[in-house]
Amino acid sequence: MALVLSQTDVQRCLDMPAAIESMRTAFLALHAGHAQMPPRASIELSTENLALLMPSLLQTATQASFGLKLVTVVPTNPQRSLPSISATVLLLDATTGQTLAILAGSWLTAMRTGAVSGLATDLLARPEADVLALFGAGAQAPMQVWAIHTVRPLREVRVVIRDGAHYKYEQLVRTLQQQLGTACPPLHRTANAHEALTGASLVACATPATSPLFASPDIAPGTHINAIGAFTPAMCEVDPATLARSRIVVDQREAALDEAGDLLQALAQGRIAGPATWLELGQLVSGEQRGRQSLEEITFFKSVGLGIQDLVVASHVYERARVLGVGVEVDI
């Protein structure tokens, strides 16, 4: 029997603190060599539509599980009143090969993407950091705020939206108020990047930008930057000058070299050193490398997303669902 978990079921079983701890588990396993992740496969469904397949295997002394996430990208879906990106996660017992669960993947993906920024922030941001400059107001924006607020209680969130769509900002505020209630930090929209960054010690970039979102002089010493929007070589949120001033941490070097446009463009221009100088998040989680080395250091975390993140979060949701009696069992 397999457990089918809807979006609502997944939401009941996963909160941000648990998601952040799942990311800690995922990156410890990856660093220890307990995880296998073949390269992400991409299949064109049509001229515009795309399917992405992300398999991963986790094998430890106590757990052997396999996950496969399927993501579809259909840019015209909003015209059908459907989301442009949809995701489903398949969870299997790697010892028996049996299907354990089929999970709606959109909320799970958004949570794990936010949670990895939360983990990086916890390891790299200054302890007193409490003002966040947020670039973007799409689906991932509230997760970035929620995750960062979990590890560094925020005094203020300044939001920068390039396209000028005020409804996106209003939707962001409503979503965060629903998620955090009275714990929601104060938000306000700023006129430009310079205004948002003046006095900010935390930055979150969650946009599909193809050119830098801000200028390097606006980044003060001691700032921590999370960049999760750019996931192709042509995309870029952070300029080479900022990266040249920063200590660079990535989720995985191999994945970053395939997809992290920010880093690839700076590398091609000779503005930053090669990937051997980049740290992986697992090195910080394991204690092999120190997090922040000084109060003045600028730290930059780049995430492109890894299948092991989905697998570990899906495993947590599955176990939690069994405890809560959530989901529908089906015979597969």
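Colleague: Before we start, when do two strands count as a pair here?
Modeller: Two strands pair if DSSP finds at least two bridges between them. One thing to keep in mind is that this is a predicted model.

Colleague: Thanks! How many bridges join strand E13 and strand E15?
Modeller: Five bridges, with E13 (residues 246-250) and E15 (residues 298-302) running in the parallel sense. Within that pairing, Ile248 stands opposite Phe300 in E15.

Colleague: And what is the strand order in the sheet of eight strands?
Modeller: The order is E10-E9-E8-E11-E12-E15-E13-E14, in an open sheet with parallel pairing. Its edge strands are E10 (187-189) and E14 (279-280), each of which pairs on one side only.

Colleague: Which strands does helix H5 lie across?
Modeller: Helix H5 (residues 166-180) lies across E8 (131-135), E9 (156-160) and E10, and its angle to E10 is about 175°.

Colleague: Switching topic: where is Ser81?
Modeller: Ser81 is in the loop between strand E5 (64-73) and strand E6 (85-93). Its phi is positive, about 60°, although Ser81 is not a glycine.

Colleague: Is Ser81 buried or exposed, and why?
Modeller: Exposed, because its relative accessibility is 69% and the cut-off for exposed is over 50%.

Technical notes
Residues numbered from 1 in each chain as written. Predicted model: local features only at pLDDT ≥ 70, side-chain atom pairs only at ≥ 80, totals over all residues. Heavy atoms only, no water. Helix = DSSP H or I, 4+ residues; strand = E, 2+ residues; numbered from the N terminus. Contact = heavy atoms within 4.5 Å. Axes fitted to C-alpha atoms, helices over the stretch in contact; angles between N-to-C directions. Buried < 20%, exposed > 50% of the residue type's maximum accessible area, 1.4 Å probe, protein only.
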